[in-house]
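Work through the exercises below with the sequence and the 3D structure at hand. Each task is followed by a solution in steps.

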Amino acid sequence: MAVYSFEEYRFKPFIDEAIGKLGFRQPTLIQRKMIPLILKGQSAIGQSQTGSGKTHAFLLPIIQKIEPSKRQVQAVILAPTRELASQIYQEALKITEANEGEEISVRNFTGGTDKQRTIEKLKQQPHIVIGTPGRIYDLVREQALFVHNASMLVIDEADLMFDMGFIHDVDQIAGKMPEGLEMYVFSATIPEKLKPFLKKYMENPIFEHVTPSRLVAEQIEHVLVPLGSRTKTDLLGQLFHAINPYLAIVFINTKQMADQVADQLTGHGFKVGRIHGGLTPRERKRMMKQVRDLEYQYIIATDLAARGIDIPGVSHIINYELPKDLDFYIHRSGRTARAGNQGVSYTIYSPSDEDAIVRLEKMGIQFGHQDVRGEEWVDLPDRNRRKNRMQLKEKESGTSKIYVRKPKKVKPGYKKKMASEIERLKKRERRLQRNKKK
């Protein structure tokens, strides 16, 4: 088996030092694919799941290529949310802080901050700009931030950028950058609607799709919990008492429902935080600080928190409802079992979720089946036990069995008609078997 090392990229000494401090031993698969391309200046699209190491797949080579003596913007990194932009910024600082030579200036620009004060600080342009598209385009339009010399553009979480309606701002920023722009797009999925934008700015990009050997970390246990006759909020309260998590994130599909559930749980005496797009910038910043300070044991969140935001210490995920886009189940689960720790992902389900669960199983996710009664966990039979038993009998006998569902109400002549139907199907089966032998 090939052994990969960061040494083969011949990074500057301070970058190697930062890699050591970060505890990175070997480059991840997306890093092995993308770092050489960025070092060569070859535009590329990197598709990989959350937690695959893509942030450093672009930060390391971009910082390597920065020329500190040129006091101008050389790279622009766009993220769809303030939290993700801040996270990328903090990781960039960890690398550049190790530099004892000429300073590499990195700045973070997002909404929710004083724009005029930001403009005043831009009298000296940074080398690397990180931020949200709306604020960066605002600064470009105000002629405070000059991106016309920047040769590198990174669009992180591009599919989420599109979903949140930021592609217009990204388009405007890219349009102000020079011809021959090196563009690097990172995304968990590449929706069809995003492709015209990519085609506009990327001429023959290299496409790297990293499919992990497992969709989710092996350390994550996936458990289905039937709703039954209970309300979801009541069952959620039971789950809280039964798991007593270090930190649990409850995922809900809409901000309106998130607020409703959070209010109900607060009324039941639980202290819950909430993270969704309906919070003001100040509320979101305060909430993230409170979460990191462990003021909450439970967080109610929409999928905004499943993409890019690193909340340390998450021991449990609870899917109050399954996401409409099942890829987000992977992102949600990926919020736990970080840094080699164990984690559990619970899903509250009802019969209407059966199709979605089957599709997740086809994606390779193996679910346990449990229920909580009082504060005790009870193992339930496998949901597919009847189907598996039938398949096993068929395999053992070597023939396909014929199963005819008995009607709820037996009509006159039912037995005779049923016997005739079974005999007809048996003859058809024997004929098919003979044809196979020919």
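**Exercise 1. Which hand does the crossing of α10 and α11 have, and which residues of the two helices meet?**

Step 1. The crossing of α10 and α11 is right-handed; a crossing is left-handed if the near helix is turned anticlockwise from the far one by less than a right angle, and right-handed if clockwise. The model is predicted: local features need pLDDT of at least 70 and side-chain atom pairs count only at pLDDT 80 or more, while totals for chains, interfaces and linings use all residues. Residues are numbered from 1 along each chain as its sequence is written, and side-chain values use heavy atoms, with hydrogens and water left out.

Step 2. Helix α10 covers residues 232–243 and helix α11 residues 255–267; they pack at about 60 degrees with their axes 11 Å apart. Helices (H or I, at least four residues) and strands (E, at least two) are DSSP runs, numbered from the N terminus. Axes are lines fitted to C-alpha atoms, for helices over the stretch in contact, and angles run from 0 to 180 degrees between N-to-C directions.

Step 3. α10 and α11 are therefore oblique to each other; angles under 35 degrees count as roughly parallel, over 145 as roughly antiparallel, 65 to 115 as roughly perpendicular and the rest as oblique.

Step 4. From α10, T233, L236 and F240 meet V261, Q264 and L265 of α11, where contact means heavy atoms within 4.5 Å. By class, the contact of α10 with α11 has 4 nonpolar, 2 polar and no charged residues. Here Ala, Val, Leu, Ile, Met, Phe, Trp, Tyr, Cys and Pro count as nonpolar, Asp, Glu, Lys and Arg as charged, and the others, Gly among them, as polar.

**Exercise 2. In what order do the 7 strands of the open sheet stand?**

Step 1. The order is β3-β4-β2-β5-β6-β1-β7, with parallel pairing; two strands pair if DSSP finds at least two bridges between them.

Step 2. β3 (106–109) and β7 (206–209) are at the edges with a single partner strand each, so one side of each has no neighbour in the sheet. Neighbouring strands of this sheet are turned by 15 degrees against each other on average, direction ignored.

Step 3. Helix α4 (residues 82–96) packs on the sheet and touches β2 (75–78), β3 and β4 (128–131); the direction of α4 makes about 170 degrees with that of β3.

**Exercise 3. Is β6 buried or exposed, and what stands opposite V185?**

Step 1. In β6, 6 of the 6 residues are buried, so the strand is largely enclosed by the rest of the structure. Buried means under 20% relative accessible area, exposed over 50%, and partly exposed in between (1.4 Å probe, protein chains only).

Step 2. E182, Y184 and F186 lie on one side of β6 and M183, V185 and S187 on the other, all of them buried.

Step 3. β5 (residues 152–155) pairs with β6 (residues 182–187) in the parallel sense over 4 bridges. I155 stands opposite V185, and M152 opposite E182.

Step 4. β1 (residues 44–47) is joined to β6 by 4 bridges, also in parallel, and the partner of I45 in β6 is V185.

**Exercise 4. Which strands pair with β13?**

Step 1. Strand β8 (residues 220–226) runs parallel to β13 and is joined to it by 7 bridges; H222 stands opposite S345.

Step 2. Strand β12 (residues 316–319) pairs with β13 in the parallel sense over 4 bridges, and I318 stands opposite Y346.

Step 3. In β13 (residues 343–349), 7 of the 7 residues are buried, so this strand is largely enclosed by the rest of the structure.
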